[in-house]
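Here's a quick tour of a few spots worth a look.

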Amino acid sequence: MAGPAPLLPAEAEAVVRALQSTELRDTGGQGWLRQHEYVEKLNMHAILSASTGQEQLLTELLVTYAKIPVLIGELISVEIWKHKIFPVLCRLEDFKPRSTFPIYVVLHHEASIINLLETVFFYKEICESAEDSILDLIDYCHRKLTLLAARSTNGQTVTPTELRPEDLASPSSMQELQKQAETMEFEISLKALSVLRFITDQVESLPLSALTRMLNTHNLPCLLVALVEHCPWSCREAGKLKKFENGAWHVVPPEDQVKMTKLDGQVWLALLNLLLSPECQRKYHFDGFNKSQLLKLRAFLTDVLIDQLPNLVELQRFLSHLAVTEPAPPKKDLVLEQVPVIWDRILKKNAGKWEAIAKHQVKRVFSPTEEELKLQARRWAQTYSLDMMEALAPNKPRCGACGTEAAKRCSRCRNEWYCTRACQVQHWQKHKVACNLMAGEPRGADCSFTCHYRCRALVRLDCSGPPGAGDEDDGTEQALEKDTNVVGFCQERLDP
C-alpha cells in the first residue's frame with residue numbers, strides 16, 4: 001500500500017497563510033490550538049516531503065508569506081511560557097486537572113516548531129527570510145546549547161521518560177509531566193544544534209550583527225569545543241557505550257564506537273564554518289583563552305575521524321598554524337549593531353503577571369469539562385493522523401503491556417498497540433480511561449467485526465453482529481484488531 005501523502009499544494013498554502021503570532025496569555029486556548037494544529041501539519045508535511053525530495057514547495061510558501069519570523073516568535077513565546085508559567089502551574093496545590101494532556105500539547109509545541117525549522121533551514125532562502133529575527137534564533141540556540149553543555153559538564157545524563165496516556169490522568173501526572181518536559185528539553189537542544197549549524201552554513205550572507213553575536217557576544221566556537229569535549233549525546237552505562245540517535249539511546253557495538261554520529265558531524269561542520277570563513281577570522285578575537293580552548297580540538301582530530309569527514313583536514317591545518325602564531329586582534333568597526341527584540345518584548349509586556357496568567361489559564365484553558373476534553377481529543381486524533389505517525393516513526397510499535405514488538409492495536413481508539421489478546425486483557429484497566437477519551441462516541445452495541453490495522457483502508461466491515469457480541473468494558477477479543485472472518489481477504493491483498 002502507498003504511504004500517507006503530504007498536504008496538497010492548495011492545502012499547504014492555506015495552512016501557511018493561516019500561521020500568525022499569538023499572545024502569551026492565550027497559550028493553550030482555542031485560537032492557539034489551531035495554530036498548533038497548523039504547525040503539526042506543516043511539520044509532518046515537511047518531513048514526508050523531505051524524504052521524497054519535494055520540500056521546495058513548503059520552502060517557497062514560508063518565504064513568500066514571510067512566516068519564518070512568525071515561527072521564531074512562537075518558538076520563543078512557548079520557551080518563555082515553559083520557564084515562567086509552567087513552574088507556577090506545578091506549584092499550585094489546588095490545581096488537579098482531569099487530564100494534563102492540554103499542558104503536554106503546549107510543552108510539545110516548542111519541539112514541533114524547532115523540528116520544522118530544522119527541516120527547512122537547510123535552504124539559504126529560509127535563513128535569509130528570517131531577517132532581523134535571525135538574531136533571536138541565534139540567542140535561542142545559544143541558550144539551548146549552553147544548557148546542554150552545562151549538564152554534560154556536571155555529568156548529568158538525560159534518560160527518556162515514556163509518558164503513557166493513562167499517566168496523564170493519574171494523581172502524580174504533573175510530576176510525570178515535569179519529567180517528560182526535562183527529557184523533551186534535551187531533544188529540543190539537539191534540534192537547536194542542527195538549526196545553528198545550518199545558520200553557520202550561510203555566514204557569508206548573514207547580517208553583520210548576526211556574525212558579531214555568534215562570535216563575540218556568545219563565543220559560539222568555544223561553546224562548540226565544550227560540546228566536542230563532553231559529548232552530551234554519548235554516555236556509558238553498565239560498562240556499555242550508549243549514544244542518542246533518532247530520538248532514543250542505543251547501545252553501540254565495539255566495532256562502531258569510533259563512527260561519527262550525525263550530532264558529532266553537526267558540531268564539526270559548525271566549527272568549520274565559523275573558524276575557516278575569512279570574515280569570521282577577521283571578526284573573532286583569538287585571545288589567550290579562546291586560543292587555548294580551540295587548540296583542545298587537535299586531540300580529537302584523529303585519522304579515523306578525518307577519514308569520515310575529510311574537510312576536517314583544513315581545520316587541522318588551521319589549528320596547527322594557530323598554535324605557532326599570534327593572530328592580530330579584530331578591528332573594531334564603528335557600526336550600529338542590531339539586537340534581538342522578541343525575548344525582551346515578551347518579558348517586558350508580561351513582567352509581574354506570571355502568576356496571574358497561570359491562574360487565568362488554569363481557569364480558562366487547563367480545566368476543561370469532560371465533553372470539551374472529548375471534543376479536543378477527537379481534534380487531536382485528526383491532527384495526529386495515526387497512519388502519518390506510523391510513517392514518521394523510526395521504530396516499530398511496541399506492546400502496551402509487555403513492550404515487545406506489536407502488530408495489532410486497539411480497534412476502538414486505534415492508539416494503543418498489543419502483541420496478543422492476553423496482553424490487551426491484562427492492560428485494559430489501565431488503558432480504559434485513555435481509550436474512552438480518545439474514542440469519543442462508542443461503536444454500536446452489536447458491532448463485533450474488526451480488522452488487522454494494515455487492512456483497515458482496504459476492508460469496510462459491517463457493524464451488525466449478533467446481539468451480545470459487541471464492545472465490552474473488560475478488554476475482550478473484539479477490541480483487538482483481528483478478525484478471522486476477513487483473514488483470507490487480508491492475506492490475499494497484503495502478501496506480495
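Predicted model: local features only at pLDDT ≥ 70, side-chain atom pairs only at ≥ 80, totals over all residues.

Strand S2 (residues 240-245) pairs with strand S3 (residues 248-251) in the antiparallel sense, over 4 bridges. Pairing here takes at least two DSSP bridges between the strands, and strands are DSSP E runs of at least two residues, helices H or I runs of at least four, numbered from the N terminus. Lys 243 sits opposite His 250 in S3.

Residues are numbered from 1 along each chain as its sequence is written, and side-chain values use heavy atoms, with hydrogens and water left out.

Now for a helix pair. The axes of H4 and H6 come within 9 Å and cross at roughly 145°; axes are lines fitted to C-alpha atoms over the stretch in contact, with angles from 0 to 180 degrees between N-to-C directions.

| Helix | Residues | Some contact residues (heavy atoms within 4.5 Å) |
|---|---|---|
| H4 | 68-84 | including Leu 71, Leu 75 and Trp 81 |
| H6 | 101-120 | including Val 106, His 109 and Leu 117 |

The residues of this H4 and H6 contact split into 14 nonpolar, 1 polar and 4 charged.

Is Asn 290 buried or exposed? Asn 290 counts as buried because its relative accessibility is 6%, and buried means under 20% (1.4 Å probe, protein chains only). Asn 290 belongs to helix H14 (residues 288-294). Leaving aside residues up to four places away in sequence, Asn 290 touches Asn 219, Cys 222, Tyr 284 and His 285.

Terms used:
Nonpolar A, V, L, I, M, F, W, Y, C, P; charged D, E, K, R; others polar. Buried < 20%, exposed > 50% of the residue type's maximum accessible area, 1.4 Å probe, protein only.
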